[in-house]
Amino acid sequence: MQPGSAAGPAQAVEKEQGTRVADGVRMFLAGGTAGAVARTVTAPADRLKLLFQVQAMASSGVSAKAYTSLRQAALKVFR
């Protein structure tokens, strides 16, 4: 507390609790943003993995040579 200020100990506690709440909200938003970015970045790789796994199944209805390389599959997914 600064000299000459009229703030008492109760006001200092309220200010500290308000800062804690703001920090909690900030951390929550940061975590949510990080999760959304991570999921967005990894989704195409998960899609490629799934395509290669399904291709190996006989009953998938896809020819065995549908995806011959990772590059070719990635180009097909991104188009």
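Visitor: What does Arg-39 form a salt bridge with?
Guide: Arg-39 pairs with Asp-46, and their closest N and O atoms are 3.2 Å apart. A salt bridge here is a side-chain nitrogen of Lys or Arg within 4 Å of a carboxyl oxygen of Asp or Glu. This is a predicted model, where local features need pLDDT of at least 70, side-chain atom pairs count only at pLDDT 80 or more, and totals for chains, interfaces and linings use all residues. Residues are numbered from 1 along each chain as its sequence is written, and side-chain values use heavy atoms, with hydrogens and water left out.

Visitor: Is Arg-39 buried or exposed?
Guide: Arg-39 is exposed, at a relative accessible area of 53%, while Asp-46 is partly exposed at 34%. Buried means under 20% relative accessible area, exposed means over 50%, and partly exposed is in between (1.4 Å probe, protein chains only).

Visitor: How many salt bridges does a search of the whole structure find?
Guide: Two. Arg-26 and Asp-23 also meet in a salt bridge, at 3.6 Å from N to O. Both lie in helix 1 (residues 9-55), three residues apart, which is about one turn of the helix. Arg-26 is exposed at 58%, and Asp-23 is partly exposed at 33%.

Visitor: How many helices and strands does the chain have?
Guide: Two helices and zero strands. These are DSSP runs numbered from the N terminus: H or I over at least four residues for helices, E over at least two for strands.

Visitor: Changing topic. Which residues make the nonpolar surface patch?
Guide: Val-21, Val-25, Phe-28 and Leu-29 make a patch of about 430 Å². Patch residues have over 30% relative accessible area and no salt bridge, and nonpolar side chains (Val, Leu, Ile, Met, Phe, Trp, Tyr) are joined within 5 Å. Leu-29 is in helix 1 and is exposed at 53%.

Visitor: And what makes up the largest nonpolar core?
Guide: Six residues: Leu-48, Leu-51, Ala-66, Tyr-67, Ala-73 and Ala-74. Helix 1 and helix 2 (70-78) each supply at least two residues of this core. Such a core is a set of buried Ala, Val, Leu, Ile, Met, Phe, Trp, Tyr and Cys residues joined through side-chain atoms within 4.5 Å.

Visitor: What does Ala-66 touch?
Guide: Gln-55, Gln-72 and Lys-76, not counting residues up to four places away in sequence. Contact means heavy atoms within 4.5 Å.

Visitor: How much of the chain is buried?
Guide: Buried residues make up 9% of the 79 residues.

Notes:
Patches are made of residues with over 30% relative accessible area and no salt bridge: like charges are joined within 9 Å, nonpolar side chains (Val, Leu, Ile, Met, Phe, Trp, Tyr) within 5 Å. Accessible areas come from the Shrake-Rupley method with a 1.4 Å probe; for residues, only the protein chains shown count as cover.
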